[in-house]
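Hi there,

I'm handing over the structure we talked about, with some notes to go alongside it. Have a look first, and then read on for what turned up.

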Amino acid sequence: MPLYEHVFISRQDLSNAQAEGLVEHFSTVLSDNGGKVVESEYWGVKTMAYKINKNRKGHYAFLKSDAPSAAVQEMERLMRLHDDVMRVLTIKVDAHEDGPSVQMQKKDDRGERRERRPRD
């Protein structure tokens, strides 16, 4: 089955438990339609670059799934209909990376930045 990564943003006025409940809800939608969630991460409340539906912040969640396209389409359809979900992004990938996502890694674990060029 194809591998997918999903990121969705839910409204800022939800509690952490409600936001994590959305992750579980959409995970069950995938599993009910023949897919499975390989890993899920709750990234917490983050400030967005611009307002979405009068919200400056949102609860970010990340799912790695192994599911048929019909299951992913059904999950995305239900996400669009859900009042608490503001944005959804789904990407098809060749392979899932091992370990936590970049958002969950400590800054020390990400590696060094390269040196800046001197200005002319």
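A residue counts as buried here when its relative accessible area is under 20%. By that cut-off Trp43, at 17% relative accessibility, is buried. Please keep in mind that this is a predicted model.

Let me begin with the sheet. Four strands make an open sheet in the order S2-S3-S1-S4, and the pairing is antiparallel. At the edges are S2 and S4 (85–93), each of which pairs on one side only. From one strand to the next, the twist averages 20°.

With strand S1 (residues 3–11), S3 pairs in the antiparallel sense over nine bridges. Tyr4 has Ser65 in S3 as its bridge partner. Strand S2 (residues 36–52) also runs antiparallel to S3, and eleven bridges join the two. Here Ile52 has Asn55 in S3 as its bridge partner.

The turn between S2 and S3 deserves a look too. This hairpin has two residues between the strands. Asn53 sits in the loop between S2 and S3, and its phi is near 50°, a positive value in a residue other than glycine. Lys54 is in the loop between S2 and S3 as well. Lys54 is not a glycine either, yet it has a positive phi of about 65°. Both residues are on the outside by the numbers: Asn53 counts as exposed at 60% relative accessibility, and Lys54 counts as exposed at 76%.

Leaving aside residues up to four places away in sequence, Val85 touches Phe8, Ile9, Ser10, Leu22, Phe26 and Met79.

How many aromatic pairs does a search of the whole structure find? The search finds two. One is formed by Phe8 and Phe26 and is edge-to-face, with 5.7 Å centre to centre and 80° between the planes. Because Phe8 lies in strand S1 and Phe26 in helix H1, this pair ties together parts that are 18 residues apart in sequence. Phe8 and Phe26 are both buried.

The other pair, Trp43 and Phe62, is stacked, at 5.3 Å centre to centre with 20° between the planes. Trp43 lies in strand S2 and Phe62 in strand S3, so this pair ties together parts that are 19 residues apart in sequence. Phe62 is buried, with a relative accessible area of 7%, and as noted above Trp43 counts as buried at 17%.

Apart from residues up to four places away in sequence, Val23 touches Phe8, Ser40, Ala61 and Leu63. Between the C-alpha atoms of Val23 and Arg117, which are 94 residues apart in sequence, there are 43 Å in space.

His25 is in helix H1 too. Is His25 buried, exposed or partly exposed? With a relative accessible area of 38%, His25 is partly exposed. Along the chain His25 and Met75 are 50 residues apart, while their C-alpha atoms are separated by 9.7 Å.

Let me know what you think.

Best wishes

Terms used. Residues numbered from 1 in each chain as written. Predicted model: local features only at pLDDT ≥ 70, side-chain atom pairs only at ≥ 80, totals over all residues. Heavy atoms only, no water. Pairing = 2+ DSSP bridges. Axes fitted to C-alpha atoms, helices over the stretch in contact; angles between N-to-C directions. Contact = heavy atoms within 4.5 Å. Buried < 20%, exposed > 50% of the residue type's maximum accessible area, 1.4 Å probe, protein only. Phe/Tyr/Trp six-rings, centres within 6.5 Å; stacked < 30°, edge-to-face > 60°.
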